[in-house]
Amino acid sequence: RQIVDHPLVRSPDRLAGALLEDVWAFKGDREEPWSAYWRPTFVLWVAAGAGVLGVAHPTPWHLANVVLHTAVCALLWALLRRLGWRRELAWVATLAFAVHPVHAESVAWISGVPDLLSAFFALACLLTLLAAAPSASVPAAAAAWALGLAALLAKESVIGLPVLAGVALWLAQPPGSAAAARWRVTWRFGLAPGVALAGLVLAARVAVLGRLAPEVPWPLTIP
């Protein structure tokens, strides 16, 4: 019902407004947000899915989740290899990640897709950053953080992405690099833009929801 009964699905012209609401706003008008979840990337996914996959049957949505999970696993393998992991270890780690039961809800539950979206865009951001750093490519770094923005707007827990970016950039520097040089790359491409972007997302969240963590009714029953 979060998809079929969502206003943006019934009226695509309301998409802009849906991006400025919490993801449970479809339940009706209320002075306070229905939830603490502001996830524009998820809303865009729902809007695109409604147009491409339709809302008549859930099977295409489940298949889309499986495809997205497969893409996440591929990005994880690529990231581990980029960080210097041996091929065999990267395969073992990726396969363990792919079939781990903790991911069952994210893949099997259609509305659990924010986990997959946030992982996909976060991993894509990290890989693009690692490609940009050696050549000091500012455009590539900007593209990386555009992907990072999509991750930050997919799920709240990705707020730690700037720290992960800093760690990845630090570890990816050539062996023997001076600490000062490592820090410059880490700060310029990872921490500085990442923290600034995360701050903007937090500010936007407060503007949309009225506060950082609004009090909401629980459990969130659907009428």
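The following questions and answers concern a predicted model.

Biologist: How do α4 and α5 run relative to each other, roughly parallel or roughly antiparallel?

Modeller: Two packed helices are described by the angle between their axes and the distance between the axes. Here α4 covers residues 59–82 and α5 covers residues 87–99, with axes 9 Å apart and an angle of about 150 degrees. Angles over 145 degrees count as roughly antiparallel. The two helices, α4 and α5, are therefore roughly antiparallel.

Biologist: How many nonpolar residues are in the contact of α4 with α5?

Modeller: From α4, the residues in contact are H69, V72, C73, L76, W77, L80 and R81. From α5, they are R87, A90, W91, A93, T94, F97 and A98. By class, two residues of this contact are polar and two are charged, while the number of nonpolar residues is ten.

Biologist: What is the arrangement of the rings of W77 and W91?

Modeller: The whole structure has three aromatic pairs. For W77 and W91, the ring centres are 5.4 Å apart and the planes stand at 45 degrees. Planes under 30 degrees apart count as stacked and over 60 as edge-to-face, with the rest tilted. The pair of W77 and W91 is therefore tilted.

Biologist: Which helices does the pair of W77 and W91 tie together?

Modeller: The two residues are 14 residues apart in sequence. W77 is partly exposed, at 21% relative accessibility, and W91 is also partly exposed, at 45%.

Biologist: Which aromatic pair is edge-to-face, with 85 degrees between the planes?

Modeller: A pair of aromatic rings is described by the distance of the centres and the angle of the planes. An angle over 60 degrees counts as edge-to-face. With 5.2 Å centre to centre and 85 degrees between the planes, the pair is F120 and F121.

Biologist: Which residues does V4 touch, not counting residues up to four places away in sequence?

Modeller: V4 sits in the segment before α1, which spans 7–10. V4 is partly exposed, with 42% relative accessible area. Its C-alpha is 9.5 Å from that of V46, a residue 42 places away in sequence. Leaving out residues up to four places away in sequence, V4 touches V9, R10 and V55.

Conventions:
Residues are numbered from 1 along each chain as its sequence is written. This is a predicted model: local features need pLDDT of at least 70, side-chain atom pairs count only at pLDDT 80 or more; totals for chains, interfaces and linings use all residues. Side-chain values use heavy atoms; hydrogens and water are left out. Helices (H or I, at least four residues) and strands (E, at least two) are DSSP runs, numbered from the N terminus. Buried means under 20% relative accessible area, exposed over 50%, partly exposed in between (1.4 Å probe, protein chains only). Contact means heavy atoms within 4.5 Å. Axes are lines fitted to C-alpha atoms, for helices over the stretch in contact, and angles run from 0 to 180 degrees between N-to-C directions. Angles under 35 degrees count as roughly parallel, over 145 as roughly antiparallel, 65 to 115 as roughly perpendicular and the rest as oblique. Ala, Val, Leu, Ile, Met, Phe, Trp, Tyr, Cys and Pro count as nonpolar, Asp, Glu, Lys and Arg as charged, and the others, Gly among them, as polar. Rings of Phe, Tyr and Trp (its six-membered ring) pair if their centres lie within 6.5 Å; planes under 30 degrees apart count as stacked, over 60 as edge-to-face and the rest as tilted.
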